[in-house]
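Subject: Structure handover

Hi,

Here is the structure you are taking over. My notes follow below it.

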Amino acid sequence: MQARIVTTAPDQVAADAIILPLFEGSRRIPPEAASLDRQLHGALQDLLKSDHFRGKFMELAQVHTLGTLSSRWAVLVGLGLERELDLVRLRNALQHAGRSLRKRGTESLAVVLTSPVRRKGAPADVARAVTEAIALSNFEARALRTRSDEAEGRLTSLSIVGLDGGRPAATSVNQAVALAEITNQVREWINLPANAFTPTIFATKVREAVRGTGLELSVLELADARRLKMGAFLAVAKGSDEPAKVIVLRYRGGKKGGRFLGLVGKGITFDSGGISIKPAEHMEMMKGDMGGGAAVIGAMLGIAQLKPAINVIGVVPTTENLPSGKASRPGDVVTASNGKTIEIINTDAEGRLILADGITYAIRQGATHVVDVATLTGSIARTLGPVATGAFGNDPRLMSLVKKAADLAGERVWELPTWPDYDGLIRSDIADIKNSTVQWAGATTAALFLREFVEDRPWVHLDIAGSAWQDAKELKTIPLGPTGAAVRLMAHLAGLLAKS
Ligand code: BES
Ligand code: ZN
Ligand code: MN
């Protein structure tokens, strides 16, 4: 998709559809759109006056311009109450509008920004939000359908009208297109079924994706994992016949000995639970259990485009979690690559096992700061739903950068506590730690487990088990399906850490 900020008057912009976002309770067409309304003989104003359009969040009204404007359609988009709108919700409303227009064959769009919308952020941030929303609306979960009766449309161009942000805003538009398209790629990977996205296929797709980006790829095979004594990772991998791998990407943008960010993502291509097998209902959703790993790859691709002055390593242990005669059993004790012994109480708490060795690898490679990301616990999904990512950490400075990065990305992150009051949850009677415990504080237990492997490096753990997949029909704010959570967040984080 092409996107740019234009200085053309709204009634002169040539596009299939021109979008005018309006707040709930707006009674008058704002001055920025007065020329549009004039050409339309007051049709837009009439929609407001007659209450045909109230500006409710995500409400749409579409008017044919009958050749009076350079755009074929004028579209009002509801933003809800002005005081409730932030740049996350602006993205949601515009993604909804973009998606709905795309499905009706729209290819080129213009968005008119009025001053109350512009006041929601710095020009570069508003421009980023609008651009990402429209580019994200190009995602369609249809990769394996052969039916030809579905609209295959794509939005190919976006003009942002009414924003004057100079160079920074123009740069942010270009970055936003790149980051949103990478996010859509990650969403497609997450959507693929486990038979079309094995660890081997994952590595192949990464190899294709990094071509020409300057990122360095290395793929550790099972033999390498054995040599590195990744006993926790191998304990999960051994139940599957698909060869497990650790996908490693390196970005060199910083000085030797400077800050070095380690991004570690959970790449379980299918999670049956292993011997502690999951119930059949909804088990098919566990094809998405590589969402954290895919997000790390996406973030590395984003970093290669944003080019922050820092070194970054992306580490993605990837395997299936299956039951078999070779699978780990509850009660087994294994030794992780940092030497700690782990009692496997529940083979379905596999994510923290593979991350443990992934984190250790990142640190051995020199990471000074660690962020891990994983569809880790049903517990966080029950707490936050698909709306937000849960964050845990051991360092307020890194945590505050993560929150800033989330704001830049238009993602919601909510911090949860790691008070020492919870210590004891991972204590084992037979080994150093155990991978599962009581029924409560499940997301916290997982975080405490991971903390055992960060060797006092500043660290943040992002649990995207809820936010990686929007499955709540009750919430219409994000389209159903994979969201690409944490991709843009981690890409921005590298830049913020470089400058902090
Ligand atoms: N992949 C799951 C977590 C998950 C649940 C992701 C729902 C997405 C949606 C993870 O491996 C898991 O099974 N976690 C268990 C841990 C428990 C056995 C300690 C859980 O959360 O129930
Ligand atoms: Zn899992
Ligand atoms: Mn599991």
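Predicted model: local features only at pLDDT ≥ 70, side-chain atom pairs only at ≥ 80, totals over all residues.

Helix α6 (residues 166–191) packs against helix α10 (residues 291–306) at about 155°, with the axes 9 Å apart. So α6 is roughly antiparallel to α10 (angles over 145 degrees count as such). Axes are lines fitted to C-alpha atoms, for helices over the stretch in contact, and angles run from 0 to 180 degrees between N-to-C directions. Helices (H or I, at least four residues) and strands (E, at least two) are DSSP runs, numbered from the N terminus.

Residues are numbered from 1 along each chain as written, chains are lettered from A and ligands numbered from 1 in written order, and side-chain values use heavy atoms, without hydrogens and water.

Next, the sheet. Six strands form an open sheet with mixed pairing, in the order β1-β6-β5-β2-β4-β3. Strands pair if DSSP finds at least two bridges between them. β1 (2–6) and β3 (60–64) are the edges. β2 (17–22) and β5 (108–112) pair in the parallel sense over 3 bridges. Ile19 stands opposite Val111 in β5. α6 lies across β1 and β6, at about 160° to β1.

Last, helix α15 (487–499). Of its 13 residues, 11 are buried (under 20% relative accessible area, 1.4 Å probe, protein chains only). His492 is one of the buried residues.

Best wishes

Key: Parallel < 35°, antiparallel > 145°, perpendicular 65-115°, else oblique. Buried < 20%, exposed > 50% of the residue type's maximum accessible area, 1.4 Å probe, protein only. Contact = heavy atoms within 4.5 Å.
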